[in-house]
2 protein chains.
Amino acid sequence: MTAYDVVALGNAIVDVIAQADDAFLVREGLAKGSMGLIDESRAHELYGLMGQALEASGGSAGNTVAGVASFGGSAAYIGKVADDQLGEVFAHDMRAGGVHYATPPLVGGAATARSLINVTPDGERTMSTFLGASIALTARDVDPALIRAAKLVYLEGYLFDPDGGRAAFAAAAEIARDAGVRVSMTLSDAFVVDRHRAGLLAFMEDAVDVVFANEAEVKALFEVDDFDAAAAALASKVKIAAVTRGAAGSVVLSGDGRLAVPAEPVERVVDTTGAGDQYAAGFLFGLARGRPFADCARLGHLAAGEVIGHYGPRPQTALKALAEAKGL
Amino acid sequence: MTAYDVVALGNAIVDVIAQADDAFLVREGLAKGSMGLIDESRAHELYGLMGQALEASGGSAGNTVAGVASFGGSAAYIGKVADDQLGEVFAHDMRAGGVHYATPPLVGGAATARSLINVTPDGERTMSTFLGASIALTARDVDPALIRAAKLVYLEGYLFDPDGGRAAFAAAAEIARDAGVRVSMTLSDAFVVDRHRAGLLAFMEDAVDVVFANEAEVKALFEVDDFDAAAAALASKVKIAAVTRGAAGSVVLSGDGRLAVPAEPVERVVDTTGAGDQYAAGFLFGLARGRPFADCARLGHLAAGEVIGHYGPRPQTALKALAEAKGL
């Protein structure tokens, strides 16, 4: 029995979203559009310098399963929060969205992870993440029954940073392989790719069926500047690759060849946080439901288009209704 | 020396904002558009039933001083949070907005107050508030030097619910009167008015120069159904009354007579949370800067129009820039 369209593993993170100008990023040494890791003391310092903020549950794979559920899909999540207020917020939002979430919280350790997200006037987000309790995720938190009950397992590349996360990543992939469950992953961030290039490539070739990446990440992975060369290299490693190119849409590479799909037109880009996560949500939901790649990509662009129109990394409008309105 | 345009006292609250349908309000026995008080156990229960949420610093007077600061005014705030994550969030947002905030947090007591806000598809908000640590505010937290340094003191009617809040309210008013500082207040909510009618009326006559209210509150105060009668009664009690009427704008009653000012046209009402608070922010900023009543009301409508266009009770666009764009 497959109870879940998607079961995802990720760093369980609460987003702290504030507006900032480009000069702030320069002053604080933040690489625009990237995700950088910070320790608790720097998190306090940087937070103190940021503007008024909104808090919203985030975490890349967490956002993705929330999106899958918003499409009407069934999803489960594995990730570690602390036994604190922000952890309660994260768990509530998962369950309120209809996602199964039962990873026990960390007691007596670090606080729930948070990502300090500075959004510049162009809508681009720059993230500084304190991993806190999310680091405490280990292979023991990976419930084999959950993985076996999935049509697709989804792993975020960010998990390559903490040791326990990498172990959980490998454990989930092994259980999935033994059970014949397809494994998907996202490269997450160009700097993550730089930090873990060899490990990511080996893992992909060994265990991954579907890879999500954006243009910068796939170029970083193969250390080339040419998009077509990078995309071709990626296609040679996995069965399905979906590469997003921002406003230019996405390219799906598979045994069927190369398929370019345009992005959804958007009125105004407010905050790009979660765009890639929601693209993956739509694509995975389509894949789990046996839809052709063109529809998968369109569902992905639809979800990404919704989430960049407001602050916060998860849909505020039911994606199921949006998809129906588009005849998807 | 008057260092602050506005010094405000209020219940320091973090908002938890989710979407809900009208049937949910009926099922949970919530009076649409109102603020109801709940205890911690009901807060956990209701939160568990709510949808995915956003967290944002709120509290009526807190929202108002954040608005004053957004107009470029100087402001200070007095209100009690706990020594916990949500308390840190509240304090950060106050200071990040440029508001002076130095009330010591409560240690070892209740958690930071939170208001569970269900927003229906018409944009109307219904609030269920667990007062938590905000109840621990007492007259001792009212720094006399801060009150004396204000052009206007602003008090929220919600403070009439907790005993300590009422005492802080009275203390601030007394210090203000002795120092010749004008006192303003908002009636906050029709149910608050019902609970404390006599006390509010006595306090208004004794100590208040400027009153903010909406139509329902002023009718509740005088227990009449006729708006004009209620407004006239209010005008007989205080020097200045500004009464908001939703999309119909507001009416300013003063020694100059009665002035009706239309609301700012809004593209789409997303979430009315904070509309009254921001009206007060604009009006108070105008008053502190010696602007005519018509301008004060227009500044109020401008700020209210900004805040109802998005989720969250505080401005996301600098009100100073919006006012300049309107020639205000």
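Predicted model: local features only at pLDDT ≥ 70, side-chain atom pairs only at ≥ 80, totals over all residues.
Local features need pLDDT of at least 70 and side-chain atom pairs count only at pLDDT 80 or more, while totals for chains, interfaces and linings use all residues. Residues are numbered from 1 along each chain as its sequence is written, and chains are lettered from A and ligands numbered from 1 in the order in which they are written.

Q: In which sense do β4(A) and β4(B) pair?
A: Two strands pair if DSSP finds at least two bridges between them, and β4 (residues 53-57) of chain A has three bridges with β4(B). A:Glu55 stands opposite B:Glu55 in β4(B). The sense of this pairing is antiparallel.

Q: Which strands are the edge strands of the open sheet in chain A?
A: Nine strands form this sheet, with mixed pairing, in the order β6-β5-β1-β9-β10-β11-β12-β13-β14. An edge strand here pairs on one side only, and this holds for β6 (100-101) and β14 (257-261) of chain A.

Q: Which residue is the bridge partner of A:Ala76 in β6(A)?
A: Strand β5 (residues 75-78) of chain A pairs with β6(A) in the parallel sense, over two bridges. Within β6(A), the bridge partner of A:Ala76 is A:His100.

Q: Is α7(A) parallel or oblique to α8(A)?
A: Helix α7 (residues 190-207) of chain A packs against α8(A) at an angle of about 45°, their axes being 9 Å apart; axes are lines fitted to C-alpha atoms, for helices over the stretch in contact, and angles run from 0 to 180 degrees between N-to-C directions. Angles under 35 degrees count as roughly parallel, over 145 as roughly antiparallel, 65 to 115 as roughly perpendicular and the rest as oblique. The angle therefore makes α7(A), relative to α8(A), oblique.

Terms used:
Helix = DSSP H or I, 4+ residues; strand = E, 2+ residues; numbered from the N terminus.
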